[in-house]
Amino acid sequence: MPKNKTHSGASKRFRVTGSGKILREKAGKRHNLEKKSSKVTRRMTGTTEVAKNDVPRAKKMLGL
């Protein structure tokens, strides 16, 4: 079997933890921040796990 190439966009967006979980940044903190409450912008900071149904596709794009 040939090797799979890593999807360059996915490698910039996803990070794999030591235990094998895939993390992503939360969406929506790039623009229009004046309209959003500080409560919302705080909630959008940090990382979260990729949804369970999206994990197989993300792993395939990362070449795992």
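**View 1. Strands S1 and S2 pair in this predicted model**. The two strands S1 and S2 run antiparallel and are joined by 3 bridges. Within this pairing, Arg 15 stands opposite Leu 23 in S2, which gives a place to start when comparing the two strands residue by residue.

**View 2. The hairpin of S1 and S2**. Between the strands of this hairpin there are 5 residues, and in the hairpin Gly 20 takes a positive phi near 100°.

**View 3. Strand S2 also pairs with strand S3**. Strand S2, which covers residues 22–25, is joined to S3 by 3 bridges, and these two strands run antiparallel. Two residues of the pairing can be followed in this view: Arg 24 stands opposite Thr 48 in S3, while Glu 25 stands opposite Thr 47 in S3. In a regular strand, side chains alternate between the two faces of the sheet.

**View 4. The open sheet of 3 strands**. The strands are arranged in the order S1-S2-S3, and their pairing is antiparallel. The edge strands are S1 (14–16) and S3 (47–49), each of which pairs on one side only. On average, and with direction ignored, neighbouring strands of this sheet are turned by 35° against each other.

View 5. Helix H2, made of residues 38–43, gives the most to the positive patch, with 3 residues, and Arg 42 is one of the residues that lie in helix H2.

Methods. Residues numbered from 1 in each chain as written. Predicted model: local features only at pLDDT ≥ 70, side-chain atom pairs only at ≥ 80, totals over all residues. Heavy atoms only, no water. Pairing = 2+ DSSP bridges. Helix = DSSP H or I, 4+ residues; strand = E, 2+ residues; numbered from the N terminus. Axes fitted to C-alpha atoms, helices over the stretch in contact; angles between N-to-C directions.
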